[in-house]
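Open the model in your viewer and keep the selection panel at hand.

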Amino acid sequence: KNKKKALLGPTFDPLCTAILVLAISIRFACPCCCSAKSSPPLSVRDDYSHVPDVEPFEIEAPQEQKETSADTCLRNEPEELNEQLITSASVTSSNNRLLFLDNVKTFLTALVVIHHVTCAFGACGEGSWFLIIGQDGPVAFHRFGAILTTLNQSFFMPLFFFISAYFVPSSYAKKGGEGFRKSKKQRLWIPAMGESFLIVPACTAIANLVARGELPFYGPYPGVAWFIFWLLIFNWVYSTLVEAGNNNDKEQQPRREFPSTIQRLLWGIGVCGVLLLPFLVMLKGDFASMPISVGSFTCDFLMFYLGIQAKTHGWLETSLSSQLDIRPLSFACMVFAEALGIAVTTFFIDQHSWVGLMCVLLAGVFCLDMGLLVLLIFQQYMNFENRVTKFLARSAYGVYLLHPLVIVGVTALYAVIYNMISNDDPIIFRDKAGHDDLLVVGTGGEKYIPLGWTLVTIMSNLIVWPLAYGFTCLPYLKNIL
């Protein structure tokens, strides 16, 4: 994601971000708003009393059994985690849970970590990460990085919105409006504020200390918590619409059929492609902290809506492959062709404007199809749980929040060690003039950039997953993470 000059000016995003954070804080954290009159639980009307409310990274606590000391942290999960119950036996385990969704969330979180390590090594463009080295790295590596990050960006955050939305109706129906908002305050708002006011400033401090030997001014910003703030916005809109329609929507909706290939194609081109284009032109960079790129904004709105529909109409409760209107192998080949088309366009996207248009349209279709393919594969082959998958799923939320700090720290350590042992092509960081004071870009070390990326990817993952899991064992944080 190259941060070029936005048409709406450099202060537009910070202003919108401040308004977003303030509005969310008033809605979900202000006592007068949280205690306002709202809808009671809807379990009688919608029959969701048996269904869990699970946040985007949550998992259910394990079944009761003889416990060892190694089980203590996995046992110490908040009560609302003990609920991911689905009735269909075709895709559920013996304890009636969609186990594959836990594994999908782990997979997506790992992709986020790899994505940001790749940005740290110059593949996403200047201004896309706190500390960047390898801006002048090998062309082949930058090609690889551009393809990887473009494909990731096209689908992984919209799929997070889809999975998060899938649990919203049952959460609201079980708790009612006031309980729903209180749970979002604890599980989403508090971590988002911690990320914005602690983790992000710490990342900029480490980057500037390593590059310039000085601390920057304190600058809170959502960083990766943009996803959580926007998820809160979507939850706010959902609860408002449900409360407004309480007296007018007494009958259960008829079941909507699973989207056909043609429908997904039209939605991808229209909503995730054409409707996204004006925002790409006007909002180069971020909008209210949300990165504006392929697979963002309109794609996030659509996938959140589809997640609500998936829960309402039971799309994930039966085999996804049986609901496709084409053979699964043909569908997989179609997704591969879409990915190949996106990869090819990255080679020429800066040369012709029509190539950029093709990339956006292809990415729009890929957003829906790749998300569906991931769900299909994990439903069929990863619908299980063991100690490893339980550990990873339990850690995933903490990994999402902590990984920027770990990646910046490990990248900085790599740069320091590299400069200590290499005199030929040292990593040199620019002066403040000419770029953002808080974001640091370094050049040099060109020959070893692929090796550095590999080492930082491995070390970041080895550190952040156990670290996040450790936080889930702490007395207060275990009820948040």
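Is Phe234 buried or exposed? Phe234 is buried, at a relative accessible area of 5%; buried means under 20% relative accessible area, exposed over 50%, and partly exposed in between, with a 1.4 Å probe and protein chains only.

Two notes on reading the model come before the next stop. This is a predicted model, in which local features need pLDDT of at least 70 and side-chain atom pairs count only at pLDDT 80 or more, while totals for chains, interfaces and linings use all residues. Residues are numbered from 1 along each chain as its sequence is written, and side-chain values use heavy atoms, with hydrogens and water left out.

**Stop 1: aromatic pairs**

A pair of aromatic rings is described by the distance of the centres and the angle of the planes. Rings of Phe, Tyr and Trp (for Trp, the six-membered ring) pair if their centres lie within 6.5 Å; planes under 30 degrees apart count as stacked, over 60 as edge-to-face, and the rest as tilted. By this rule there are 33 aromatic pairs.

Select Phe161 and Trp226, a tilted pair with 6.1 Å from centre to centre and 50° between the planes. Phe161 sits in helix α6 (residues 139-166) and Trp226 in helix α8 (residues 226-244), so the pair links distant parts of the chain, 65 residues apart. Helices (H or I, at least four residues) and strands (E, at least two) are DSSP runs, numbered from the N terminus. Phe161 is buried at 0% relative accessible area, and Trp226 is buried at 7%.

With Phe161 in helix α6 and Phe234 in helix α8, the pair ties together parts that are 73 residues apart in sequence.

**Stop 2: the largest cavity**

Rolling a probe the size of a water molecule over the atoms shows where empty space is left. A cavity is a set of points, on a 1 Å grid over the protein atoms alone, where a 1.4 Å probe fits but cannot get out; lining residues have an atom within 4 Å of a point. Searching the whole structure gives two cavities of 30 Å³ or more.

Select Phe162, Phe258, Leu306, Leu368 and Leu372, which lie nearest the centre of the largest cavity among its 15 lining residues. The volume of the largest cavity is about 180 Å³, a volume being the space filled by probe spheres set on the points, with grid points joined across faces, edges and corners. Helices α6, α9, α11 (298-313) and α14 (353-381) each supply at least two residues of this lining. The most comes from α14, with four residues.

**Stop 3: salt bridges**

A salt bridge is a side-chain nitrogen of Lys or Arg within 4 Å of a carboxyl oxygen of Asp or Glu. How many salt bridges does a search of the whole structure find? The search finds four.

Select Arg264 and Asp369, which form a salt bridge with the closest N and O atoms 2.9 Å apart. This pair links distant parts of the chain, with Arg264 in helix α9 and Asp369 in helix α14, 105 residues apart. Arg264 is buried at 4% relative accessible area, and Asp369 counts as buried at 3%.

Move to Glu178 and Lys182, whose salt bridge has its closest N and O atoms 3.1 Å apart. Both are in helix α7, and because they are four residues apart, about one helical turn separates them. Glu178 is partly exposed at 29% relative accessible area, and Lys182 is partly exposed at 46%.

Then select Asp102 and Lys105, a salt bridge with the closest N and O atoms 3.6 Å apart. They are three residues apart in helix α5 (residues 99-120), so about one helical turn lies between them. Both Asp102 and Lys105 are buried.

**Stop 4: backbone points**

Select Ala288, in the loop between β2 (285-287) and β3 (290-292). Ala288 is not a glycine, yet has a positive phi of about 50°. Next select Phe297, in the loop between β3 and α11. Phe297 is also a residue other than glycine with a positive phi, near 50°.

Finish at Arg187 in helix α7 (residues 168-212). Arg187 and Ile480 are 293 residues apart in sequence and 5.1 Å apart in space, C-alpha to C-alpha.

Terms used. 1 Å grid on protein atoms, 1.4 Å probe; cavity = no way out; pocket = protein on both sides within 12 Å on 5 of 7 lines; lining within 4 Å.
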